[in-house]
Amino acid sequence: MEPETNMMRKSDEGGFALPVAVFALVIIGILVTNGFFIARQEGRVGIATRNAGFALYLAEQGMDDAIANWSPSTVTALPDWGSVTSTVTYGALGEVEIEITKMTNRIYFVDATSTITEGGAVLSGATHRVGQVVRVMNVDIDPPAALTTRGPTTVKGTAEVHGADAIPTGWGPVCTGPLEDKPGIMSDDSSQVGTVGQGTIDGSPDVDEDATIADSTFTQFGDLDWEELTQLATLHVGSGTLNQIEPDSTVSGDCLNGEAYPLNWGNPENPGAACGDYFPIIHASGLLRLQSGGVGQGILLVDGDLDLRGSFTFYGIIIVQGNLGTQGNGNKIFGGVLASNADFDSQSVTGGSVVTNSTCTVTQALVNSFALAMPRPLDSRSWVDLTALESNE
Amino acid sequence: MSPTDRPGFTIIELLIVAVLGAFVVGVIYQVLLTNQRTYTMQNAKTQSQQDIRASMNVLFGELRELSMREADILAMTPNRLTIRAGRTFGLVCSVNSSGSPLRVKQMGRWFEVGDSVFVLAENDTLRVLDDTILSGVLTVVDTTDTCPGGNPAQLVTVPALVTALAADTVHPGAPMRAYTTYVYGMFALSGQNFFARQSSSTIDPLVGPLPEAGVRFVYLDSLGVVTTNRAAVAQIEVTIRTVSEVRNDVGELLRDSLTTRIHLRN
């Protein structure tokens, strides 16, 4: 019998294939994990970089939108150094917190802080903060008389020009300021102003003279010149004849306004109606003839002559680079008219037309003309990257 | 069966095992080596890109705030740019009628004594065209004050502006900025080129080493046309090229570059 201790079964023989295979798998596993980790880190760096860029542009977008959607009634009501805050969401990408601080009645600081919310808890959170100092342009349109003009001016027929401050029917609730009587007509040469027939001019005084009246009286209005002012127009009607200017609204009472409705100039005779708070800035690029009646309010800018042919009512400011002519009955203007009459043509207010000074309608036209209340960035050094400000040394 | 009769490994088997083992080890070594090279190259690329991005971020922050109108670009060449870089920001809340001090709302960091500052002078508040920017150096700073509404504020004195301020030129709401003069561009440091920022006292490297022509500035006007007029620069195109000490598969040094265009906002 052979001794058992010297015997070895085949199954006891040690191999190396398995350890080598395991070792190889471990190495391969480490390599794959390493590669995956690097790729994920790179991916996150890329996303973080992209989100940082998005955050800047989102903050810019929020600030631009805040300026574009400026609410004069909200910000002007703030006390000096008071602020109003709002948050705007931009889809799934993120949100922007806007803080508008009123520093004076014309200077505001818009502070926009964006936060990227896209990407869940791990990838969201990029923020950026930018600011801009903006100024609400000072538009100084203050007609010194019911009619301010140059050259030969005659009030004929039964036409009337009144300098006494008047509040139109139905405007009492908004016309709470002091009354300010003005001259009926202000001219650079009062000797060229007169009446014929039953034409009437009255005011405080009836006719006044201001030798400083010049082209700039009709083209420079505070910060804005004529070109800038016409660029702010919200309604462009070209030149020629317009008939029946009337307010327009839907059955449900929404005012149909804007460039698509060039014959809707608001509803001055019914302030509580659909278009009662619509005060367009209307620009006519040449001669404008209004006939067959109608009503309007706001600011009417005319590059050429303005010819009113009867039964037209307008509340607000009319600035005419040519001359003003009226005929027929029923033309009524409440507010102030500036007629440059640069060519010193003979101009006449005739028929049954009535021009009446109304400081209230002038004020309402200015306050409610949205384009005039739009803020603009200061010309230089208005913009600041508040995030970069914190990181720069 | 006697012990000497046990079947053993033949020399052939051992040779086969040795060859196969060497092959497997060789393959693993190659994989490791390739991975190491790839990792090193990717790491170098990543580092290079991150360095360039970080430098560009610094430039973005600085150049966006430049004012073309106020000539913040003091000097410009294809590889160097000297600017007045905006720093601390505040908003004037009131001006003493004697011209000093100015009360300035804090917007982040406080102003410090010695800061060079700009402040907007509206002059006639009814006009825009007469707006100007005044400048001076702060000599006194008091950080214990408040603006209306309780906002933390500083009382600052700018001797160079006292006369102008007393003349009612600066009004509440005017922005005030401190600024520092910097030169951005390529500098030789320790025998190598770096994209760096030079102040009056130091040179801070931002990214490098760079190859020759590692930094290039192209100055464009508002229409995108190349200009040499500092006052007309509305956009600046910046290119940064890097070269790594790591070589790629064909033995060339790894290179990377980034070009971007920055619009001046002020």
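Are A:Cys255 and A:Cys275 buried or exposed? In this model, which is predicted, A:Cys255 is buried, and A:Cys275 is buried as well. These two residues are joined to each other by a disulfide, with a distance of 2.0 Å from S to S. A:Cys255 and A:Cys275 both lie in the loop between strand 14 (235–245) and strand 15 (281–302) of chain A, so their link ties together parts that are 20 residues apart in sequence. The torsion about their S-S bond is about 110 degrees, and therefore this disulfide is right-handed.

A search of the whole structure finds three disulfides over all chains, and another of them joins A:Cys175 to A:Cys360, with 1.8 Å from S to S. This pair links distant parts of the chain, since A:Cys175 sits in the loop between strand 7 (160–162) and strand 8 (185–187) of chain A, while A:Cys360 belongs to helix 6 (residues 359–368) of chain A, 185 residues apart. The link of A:Cys175 and A:Cys360 is left-handed, with -80 degrees about the S-S bond. A:Cys175 counts as buried because its relative accessible area is 9%, under the cut-off of 20%, and A:Cys360, at 11% relative accessibility, is buried too. When the bonded cysteines of chain A are counted along the chain, its disulfides follow the pattern 1-4, 2-3.

Chain B also has a disulfide, formed by B:Cys93 and B:Cys147, whose sulfur atoms are 1.6 Å apart. B:Cys93 lies in strand 2 (residues 80–95) of chain B and B:Cys147 in the loop between strand 6 (140–146) and strand 7 (152–157) of chain B, so the pair ties together parts that are 54 residues apart in sequence. The torsion about the S-S bond of B:Cys93 and B:Cys147 is about -50 degrees, so this disulfide is left-handed, and both cysteines are buried.

We can now turn to the cavities. The structure holds four cavities of 30 Å³ or more, and the largest cavity has a volume of about 90 Å³. Its lining includes A:Arg381 and A:Trp383 as well as residues of chain B, among them B:Glu65, B:Arg84 and B:Tyr179. By class, five of the lining residues are nonpolar, two are polar and five are charged.

The second largest cavity contains about 60 Å³ of space, and residues including B:Ala44, B:Thr242 and B:Asp256 line it. Helix 1 (11–64), strand 12 (235–247) and strand 13 (253–263) of chain B are the elements that give two or more residues to this lining, which has three nonpolar, three polar and three charged residues.

Terms used:
Residues numbered from 1 in each chain as written. Chains lettered and ligands numbered in written order. Predicted model: local features only at pLDDT ≥ 70, side-chain atom pairs only at ≥ 80, totals over all residues. Heavy atoms only, no water. Disulfide = S-S within 2.5 Å. Helix = DSSP H or I, 4+ residues; strand = E, 2+ residues; numbered from the N terminus. Buried < 20%, exposed > 50% of the residue type's maximum accessible area, 1.4 Å probe, protein only. 1 Å grid on protein atoms, 1.4 Å probe; cavity = no way out; pocket = protein on both sides within 12 Å on 5 of 7 lines; lining within 4 Å. Points joined across faces, edges and corners; volume = space filled by probe spheres on them. Nonpolar A, V, L, I, M, F, W, Y, C, P; charged D, E, K, R; others polar.
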